[in-house]
Structure formats: structure tokens, C-alpha cells
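Below is a short briefing on selected strands, helices and contacts in one structure. Please read it alongside the sequence and the coordinates.

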Amino acid sequence: MDENRPARRNRPSFTDQEALQFHAQGRPGKLEVVATKPMGTQRDLSLAYSPGVAVPVKAIADNPVCAYDYTARANLVAVISNGTAILGLGNLGALASKPVMEGKAVLFKRFADVDAYDLEIDTEDAEAFVNCVRYLGPTFGGINLEDIKAPDCFIIEERLRDLMDIPVFHDDQHGTAIIAAAGLINALYLTGRDMAETRLVVNGAGSAGIACTELLKAMGFAPNNVILCDTKGVVYRGRTEGMNQWKSMHAVETSARSLADALDGADAVFGLSVQGAFTEDMIRSMADKPIIFAMANPDPEITPEEIARVRDDAIVATGRSDYPNQVNNVLGFPYIFRGALDVRATTINMEMKIAAAQALAELAREDVPDEVAAAYQGTRPRFGRDYIIPVPFDPRLIQKVPMAVAQAAMDSGVARRPIPDMRSYRAQLSARRDPVAGMLNQVFERLRRFPKRVVFAEGEEEQVIRAALSFVNQGLGTAILVGREERINATAAAGGLDISGRGIEIHNARLSHRNSVYAQFLYDRLQRRGYLFRDCQRLINQDRNHFAASMVALGDADAMVTGATRNYSTALEDVRRVIDTKPGHRVIGISLCLARGRAVLVADTAMHEMPSAQELAEIAIEAAGVARRFGYEPRVALLSFSTFGHPKGERAEKIQEAVRILDEMRVEFEYDGEMAADVALNRDAMALYPFCRLTGPANVLVMPAFHSASISTKLVQELGGAMVVGPLIVGLDKPVQIVQLGATDTDLVNMAALAGFNIGG
């Protein structure tokens with residue numbers, strides 16, 4: 001066994017009582033129905049039900065396709081079972097399957113923003129099951145079948161696919177097949193094998209085993225090189241015992257009769273059977289560099305430890321999360337349905353399954369972001385024997401797999417609504433999982449059209465190098481790393497990063513041909529503030545923030561990002577020694593809060609502890625400009641504990657004075673105050689003050705003081721589940737952004753993009 005291979009990961013531990021309590025506490029179960037339209041007034045109720053609902057009813061009656069536009073059908077999947085094959089527990093009945101089906105629905109929502117209802121059908125009669133489900137077509141955009149025993153699962157899926165014009169997908173079959181195929185693609189690549197010549201054994205002729213065999217043959221495995229086995233041995237031509245039409249399709253001419261015979265000299269094996277099905281002798285008899293996917297749950301056919309006793313050259317995958325290379329269906333079904341629903345596919349065909357497997361395989365070969373490293377408890381996985389399949393919490397899955405599936409659906413002619421702009425579709429997918437990504441899409445698109453040179457000041461840090469590489473790979477511009485070249489290259493190599501020829505520049509402050517220019521520039525600025533020339537030279541030589549900021553100040557770069565290794569206030573102080581306030585502007589910090597589909601800018605969250613009325617007015621102007629840069633028409637609310645004079649207070653009077661100053665300045669955006677936060681954000685509360693100048697809920701909130709701004713943004717983040725970006729620096733003469741200490745590579749890329757976009761104008 002290779003001593004450098006990652007150790008077995010800790011398996012999540014809990015007692016039976018904890019599992020029961022989890023499902024019972026609070027509202028029993030794991031799902032609830034939440035209205036997506038407001039229900040606060042009589043008018044809302046009239047629109048949602050009678051008489052307003054009659055309008056979409058008539059529209060759908062005239063044109064059934066309108067159901068996708070006026071109802072939830074376009075994003076709704078039924079998760080259906082009769083409980084005849086629940087996990088590894090067997091036939092426990094429809095009712096007992098409900099916790100599993102609820103869990104499946106939760107995964108649909110969590111990973112791909114697909115709404116799902118669980119339906120448990122209390123019959124073991126396949127035809128009765130079909131007749132129940134076939135009439136549900138008008139309700140759902142897709143059907144996910146689950147935990148149905150073989151061969152009934154084959155019969156049910158085939159019949160429903162014929163009878164329904166929406167995707168019908170038995171995840172136990174195809175989900176496992178797709179994820180396993182993705183891992184096998186990469187295992188073949190690592191061992192230098194050609195798919196057409198690889199000898200594969202599939203042990204287990206149930207739903208998953210048959211689906212794996214069919215998919216792999218469709219992908220390029222030679223039929224005679226795939227041997228299917230069941231409890232009675234090899235499925236060979238001429239065998240009659242224990243056969244059915246699905247097994248017969250994969251019978252081959254072979255002298256092998258037992259699983260041991262089949263594995264002798266085999267290149268790869270898929271285990272979809274039971275614990276202990278593979279012995280050490282069987283594994284020992286396989287070809288060099290064997291590929292062993294032991295996927296029985298909860299215990300594999302043979303453990304990685306047992307394999308390691310007889311082979312040190314094997315690539316191993318299991319169905320368990322406590323070993324590397326987990327074949328986990330959650331990597332497939334949410335994203336496959338996401339892509340199928342988005343093009344309104346009539347089915348999920350073989351082309352779409354192959355596209356999903358290939359997309360997963362390609363993703364595993366890419367450098368992983370910090371979110372994935374966190375899932376591995378800080379050990380960053382790298383493509384190789386122990387990382388051939390992505391992990392479920394990889395944030396890139398929502399883009400990669402649905403796009404591949406949707407494209408395959410369009411190419412194969414089963415898409416009823418083709419997607420004309422795949423780049424826009426990619427942005428929409430990102431926004432489903434990450435509202436911040438949705439907000440930043442316009443920023444990224446602009447940078448792709450007008451790339452920028454952005455300096456990453458802390459260039460020797462691994463997460464900064466990763467961010468720079470991601471910035472370049474996304475086509476956002478050139479990344480400049482400040483640091484010692486040998487140190488940066490060593491850090492990159494240790495992290496498995498190839499930064500050569502990738503649009504990344506390295507600038508060593510001491511060796512830069514601009515060193516003396518920057519030192520003189522800084523001395524000219526600071527000589528009357530107690531700095532000697534040698535002090536300025538030392539800052540340029542030794543402090544990367546001063547060097548990077550000088551690059552931006554003198555036009556050698558377009559923007560700068562820093563802050564990953566030092567406190568925000570320290571980094572800001574460094575930058576402000578080099579870069580002035582923009583003439584006619586005020587430097588402020590703005591935080592972007594995203595919650596419940598709304599985006600609100602909050603200012604000032606970084607600079608002014610107790611702003612005066614004049615400063616509040618100027619903060620409002622800066623914040624309104626940022627809103628416009630983000631594409632919003634600003635509606636600015638100047639907040640207070642009081643609303644329009646009640647209750648009275650000295651601090652409220654300062655807000656009132658700020659509004660009068662804005663009146664005198666005749667600014668060209670909506671504003672009003674003083675007002676409480678609920679009045680600013682709630683249309684009904686605002687309606688109590690008909691004289692309020694705002695035409696709708698505010699999208700810019702000007703706080704009365706730094707402390708209230710900081711407290712409020714952290715409260716909504718921790719208690720309200722809001723996503724908060726920032727503080728973003730606005731008002732400097734050159735674009736600079738500072739991340740929070742310990743920021744991830746994703747945070748750095750986002751801030752670098754915002755710096756390049758120059759949100760302050």
C-alpha cells in the first residue's frame with residue numbers, strides 16, 4: 001500500500017436515537033411547502049386564487065405548453081417508490097420508504113434548486129404502479145423512480161417512458177451507472193487503458209448492474225469484453241437458470257462460469273452485489289493496475305484495506321463516504337434533472353447520460369477550489385488514484401453537469417425548448433446555488449469583454465495563486481502575483497498548480513525594474529509625513545501592499561486585491577498611503593446583502609464611525625452610484641431608530657439634516673429618511689406614509705453610524721441566512737478591494753473581479 005495515499009476519512013457517527021430525533025424534532029419530516037408569491041393582502045389572495053387564477057387556467061386550456069410558464073411544473077419532480085428495495089434494507093413497504101424519498105427531495109433542492117414531492121405508492125403490482133404514475137404527467141416536469149426491486153424496476157421504467165412525455169429516470173439504475181462510469185473514465189486514463197480493449201466484469205445483475213453494463217457498452221466497451229455475473233455465476237450464452245430478458249441481452253460467449261473465472265486477468269470489476277463477494281485471491285488474479293469498484297452498500301464486496309494486502313497498484317472506489325472515490329448518486333440525479341428540466345426534455349436518453357458521465361470525469365481532473373478542500377478536512381484532493389470522482393459539495397457541479405446534459409438533449413433532438421445562449425445559461429445555473437455568483441455575473445461578463453490586469457498582492461500564498469489561476473482561466477484578464485518567483489513556483493508545484501504560460505505574471509518587488517520609480521513616487525507622497533527616502537524604499541522592497549498599490553497608482557496594473565494575510569484595517573492603511581481619494585468623492589465601505597431573492601447595499605460598513613449629516617449625504621451619493629454600477633436604479637433610505645420624526649431624538653435630527661442637504665444638492669436618484677428599517681424594506685409598512693418619496697422598497701440603506709452598519713450586516717448573515725459580500729471599498733482614485741483575513745480562493749476571485757470592474761466608477 002502506498003504510504004502517501006490519504007487515510008480513510010472519518011465516517012459520520014450518530015446513534016439511532018439521534019437519527020430519530022433529527023427527523024422528529026420541530027416540524028416532523030424534512031419538507032414543507034413555501035409560497036413563492038406574496039400572500040399578505042386581499043389583492044394577493046385574489047390574484048393567487050379566485051378570481052385571478054382563472055386567467056392562467058384559460059391560457060393553459062388554450063395552450064398546454066403555458067403550464068410551464070404559469071405553474072411550478074417546469075421545476076417540479078416526483079420522487080416515487082413502492083419501498084420494495086429500500087437502500088440495503090430490502091422490501092419494507094411503501095410507507096417505510098417515505099423518509100428516504102423525503103431525503104431525496106431535499107437533495108434535489110439543496111444541490112440543484114429542483115423542487116420535488118415524494119410519492120409512496122402502496123402496491124407491488126408493476127402494472128398497477130404504472131397506471132398510478134402515468135396519470136401524474138400534468139403535475140410534474142419529471143419522474144424520479146427510487147428503491148424498486150428488479151426486474152419490476154425495468155418493467156416500470158420502460159412502460160412509463162413509453163407512456164409519458166416527460167423524463168422518467170430510475171436513479172438506482174442510471175445514477176449509479178453514470179457516477180461509476182465517470183470514475184472508470186478517469187481510472188482508465190490513469191492506467192493508460194483503451195476503453196475498447198479493456199476487460200470488465202460486472203458482478204450483480206440487478207438494476208444498477210444492468211444499467212452500468214448498458215451505459216459502458218454505449219460509451220465504447222466491446223460487448224465481448226464485458227462479462228456480467230450474478231449469484232449463479234457468469235451470464236453466458238446458452239445459460240437458462242435464473243435468466244430474464246435483461247440478462248440475456250448481455251450474455252457472452254465465454255468458457256468462464258464462476259466469478260473467480262471471470263476475474264482472472266480482468267482489467268476492471270464493478271461490484272454491485274453484496275459484502276464479501278470478492279476475495280483476496282480473486283483480486284490477486286486480476287491484471288496489472290486493476291480497477292476495483294466495490295459499490296455494495298453499506299459494506300463493499302471487499303474493503304480497500306483487504307485489497308491493499310494483496311495489491312499495491314489498484315485503483316479502488318466504493319459507495320462509502322469514509323473512503324476515497326465514493327460513487328455517490330447525488331453527483332448525478334439533481335444536475336441531470338436540472339439540465340433536462342431547463343430544456344423541457346421529453347426523456348433522459350443515453351446521450352444525456354454519457355454527457356453527464358464525461359462532465360463529471362472532466363471536473364475531477366480540474367484544480368479544486370477551497371470549498372472542496374474543506375470537505376476533505378483541509379487536505380486538498382488532487383487528480384490521481386484517490387481522486388477520480390468529484391465530491392458532492394463541489395460548487396462547480398451545478399454548472400458542469402446540467403450544461404452537458406442540456407446540450408446533449410438539444411443535440412439529440414429531445415429538447416422542446418432549446419437554450420439559445422449557453423453562456424447566459426451558465427450564469428443562471430451559478431445563481432441557483434450561489435446568489436452572490438448571480439449578482440456577479442454582469443461583473444464577470446464585462447471583464448471577459450474588457451479584460452483587466454489585476455495585482456494579487458500576496459502572491460506567495462497558495463490560495464492567492466489558486467485565485468489568480470482561476471481569474472485567468474475564466475478569461476477575466478491577466479493576474480499579477482507579487483512575490484519571489486522561486487517561492488511562488490514552489491508553492492504552486494506543491495499544490496499541483498501549473499501557472500506557466502497561463503497569463504500569470506510574477507513581479508519580485510526587490511528585482512523589479514520599476515522599483516526605484518515606485519520608491520521615489522512613495523517618497524514624494526510621504527516626505528512631509530515623517531518618512532525618509534530609505535523608509536519608502538523599505539516599504540517598496542518589503543511590503544507587497546505598497547508595491548502592488550504603486551503599480552496600480554502609476555498605471556502598471558488596472559486594479560488590486562489584498563487582505564488574505566493581514567487585518568482589513570492594516571491593509572487599508574497600507575493602500576491609502578499610496579492611493580488618494582477620488583476627487584469629489586468620499587471613501588466608504590459598502591456591503592452587498594443578498595437574501596430571499598433581494599439584493600440590498602448597506603453603507604457605510606468600513607470607514608466612518610459617527611458620520612455627520614454632510615458625510616451621510618455624501619455616503620448616500622457614493623452608494624447610489626454603486627447601485628447604478630450594479631444595474632439597479634437606486635432607491636436610498638437613510639435609516640434611523642425613528643420614522644419621519646417619531647420618536648424624536650438628536651441622532652434622528654442628523655438624518656433629517658442629511659436629507660435636506662441632498663435636497664439642496666438636487667441629486668438624481670430617489671432618497672428619503674429618516675426611517676426605520678422595516679419601513680424602508682417593507683412595501684406595506686411604507687404605505688402607511690403616503691408622502692414617502694420612495695416608489696418601492698429601498699435597495700440602498702445608509703446607516704446612521706459604522707457600528708449599526710457592521711452589527712446589522714453580521715446579524716442578517718448569521719440569523720437571517722443572508723449572503724454578505726464586502727465591505728467593498730468605494731471612492732478611491734484607483735480600484736482596490738480588500739478581502740477578509742483568511743479569505744478563500746473564490747472570495748479572492750470575486751473581489752479581484754469587482755476591483756477590475758471598478759464598482760466605484
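Strand β16 (residues 598-603) is mostly covered, with five of its six residues buried (buried means under 20% relative accessible area, exposed over 50%, partly exposed in between, with a 1.4 Å probe and protein chains only). The model is predicted: local features need pLDDT of at least 70, side-chain atom pairs count only at pLDDT 80 or more, and totals for chains, interfaces and linings use all residues. Residues are numbered from 1 along each chain as its sequence is written, and side-chain values use heavy atoms, with hydrogens and water left out. Helices (H or I, at least four residues) and strands (E, at least two) are DSSP runs, numbered from the N terminus.

**Pairing of β16**

- Strand β15 (residues 588-595) pairs with β16 in the antiparallel sense over six bridges; two strands pair if DSSP finds at least two bridges between them.
- In this pairing, Ile 590 stands opposite Ala 603 of β16.
- Strand β19 (residues 700-702) also pairs with β16, in the parallel sense and over three bridges.
- Here Leu 601 stands opposite Val 700 in β19.

- Strand β11 (residues 452-456) pairs with β14 in the parallel sense over three bridges, and Val 455 has Met 560 of β14 as its bridge partner.
- Strand β21 (residues 736-738) pairs with β14 in the parallel sense, also over three bridges.
- The bridge partner of Met 560 in β21 is Val 736.

- Four strands form an open sheet in the order β2-β1-β3-β4, with parallel pairing.
- Its edge strands are β2 (115-120) and β4 (168-170), each of which pairs on one side only.
- Neighbouring strands of this sheet are turned by 25° against each other on average, direction ignored.
- Strand β3 (residues 142-145) runs parallel to β4 and is joined to β4 by three bridges; Leu 145 stands opposite His 170 in β4.
- Helix α8 packs on the sheet and touches β3 and β4, and its direction makes about 75° with that of β4. Contact means heavy atoms within 4.5 Å.

**Helix pair α8 and α9**

- Two packed helices are described by the angle between their axes and the distance between the axes.
- The axes of helix α8 (residues 171-191) and helix α9 (residues 207-219) come within 8 Å and cross at roughly 50°. That makes α8 oblique to α9 (under 35 degrees counts as roughly parallel, over 145 as roughly antiparallel, 65 to 115 as roughly perpendicular and the rest as oblique).
- Axes are lines fitted to C-alpha atoms, for helices over the stretch in contact, and angles run from 0 to 180 degrees between N-to-C directions.
- By class, the contact of α8 with α9 has 11 nonpolar, four polar and one charged residues (Ala, Val, Leu, Ile, Met, Phe, Trp, Tyr, Cys and Pro count as nonpolar, Asp, Glu, Lys and Arg as charged, and the others, Gly among them, as polar).

**Helix pair α26 and α27**

- Helix α26 (residues 613-629) packs against helix α27 (residues 650-665) at an angle of about 60°, with the axes 8 Å apart. The two helices are therefore oblique to each other.
- α26 passes α27 in a right-handed crossing.
- Among the residues that meet are Leu 616, Ala 617, Ala 620 and Ile 621 in α26, and Ile 655, Ala 658, Ile 661 and Leu 662 in α27.
- This contact of α26 with α27 has 10 nonpolar, one polar and two charged residues.

**Helix α23**

- In helix α23 (residues 533-542), the residues Asp 535, Cys 536, Gln 537, Leu 539, Ile 540 and Asn 541 are buried.
- The cover over these buried residues includes α22 (515-526) and α24 (544-553).

**Asn 758**

- Asn 758 lies in the segment after α31 (745-757), and counts as partly exposed because its relative accessibility is 26%.
- Leaving out residues up to four places away in sequence, Asn 758 touches Arg 629 and Pro 735.

Conventions. Left-handed = near helix turned anticlockwise from the far one by under 90°.
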